[in-house]
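Please look through the notes below with the model open beside them. They take up charged pairs and then a helix contact.

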Amino acid sequence: MNNKKFASWGDDEKRFFNLFVAAALALVALPVGIACLILGFGMGDSPCIMCWHERFCMVAISFMALIVVRYGFKVRYLVTILFLSCLGLYDGFLHYSLDGTGGGYLDIKQGFGLEILGAHTQFWVVVVHFCVIIFLGVILMLGKNVGKIMQNSEENAYGVVLPNFLLGKIAVAVFVVIMAFNCIQAFITAGPPPYLASATPSRMSADPSKWFWELDHWDEHEIDFRESWNPKLPNLPK
């Protein structure tokens, strides 16, 4: 397959890979981009250690979608996307059970995710990863000759066409820009290795004196995301 064949590329391939580009752009620009640029840099919201793991799942799914757009639709890429989606669902349910509205016992209104449409961001993590699975099903349902596309991908038949896919290049550029801002936010709120993100992060600030980096989560005996709810009383005067 050569560059000239891109113009005569079948409608099935065009529709299929356009949908994957749309999925990658929607995931990285909406939940990941909004969390970083609007909630983070705009409103000072700092991700906790679980938030970062949930965001990593979204980023990894977007990256795998871009891999599909670049190298074709292969079984191992599909399995990876499904695994990451399930991992993101698990993280979201776990986090929401701890900090979310409607029963989250750690939420005492000091942050732990801003509310969007009345629900904490932890809830929207579940929604986003559920939508990934649903949208993947829609792509497979609407796509025609998916088996042939997968076979051609395994044979690297799209090796020349896909690198010249304009929408794919745009999606990669958007991904790189948003990841750059995420790296800056991660450095400010979590710090460089071996520091880890905090379970109770301070508000995001451009003032280095307000940056808070910690190593607490390396403690193998830690079983909660906070310090004790029953601290020792001070020595009060009698």
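Is Arg203 buried, exposed or partly exposed? Arg203 is partly exposed, with a relative accessible area of 41%, where buried means under 20%, exposed over 50% and partly exposed in between (1.4 Å probe, protein chains only).

1. This is a predicted model, in which local features need pLDDT of at least 70 and side-chain atom pairs count only at pLDDT 80 or more, while totals for chains, interfaces and linings use all residues. Residues are numbered from 1 along each chain as its sequence is written, and side-chain values use heavy atoms, with hydrogens and water left out.

2. The structure holds two salt bridges, a salt bridge being a side-chain nitrogen of Lys or Arg within 4 Å of a carboxyl oxygen of Asp or Glu. In one of them Arg203 pairs with Asp45, with 3.4 Å between the closest N and O atoms. Asp45 lies in the loop between α1 and α2 (49–71) and Arg203 in the segment after α6 (166–189), so the pair ties together parts 158 residues apart in sequence. Asp45 is buried, at 11% relative accessible area.

3. A salt bridge also joins the side chains of Arg15 and Asp12 (3.5 Å, N to O). Both residues lie in helix α1 (residues 11–42), three residues apart, or about one turn of the helix; helices are DSSP runs (H or I, at least four residues), numbered from the N terminus. Asp12 counts as buried at 18% relative accessibility, whereas Arg15 is partly exposed at 34%.

Definitions and conventions
Helix = DSSP H or I, 4+ residues; strand = E, 2+ residues; numbered from the N terminus.
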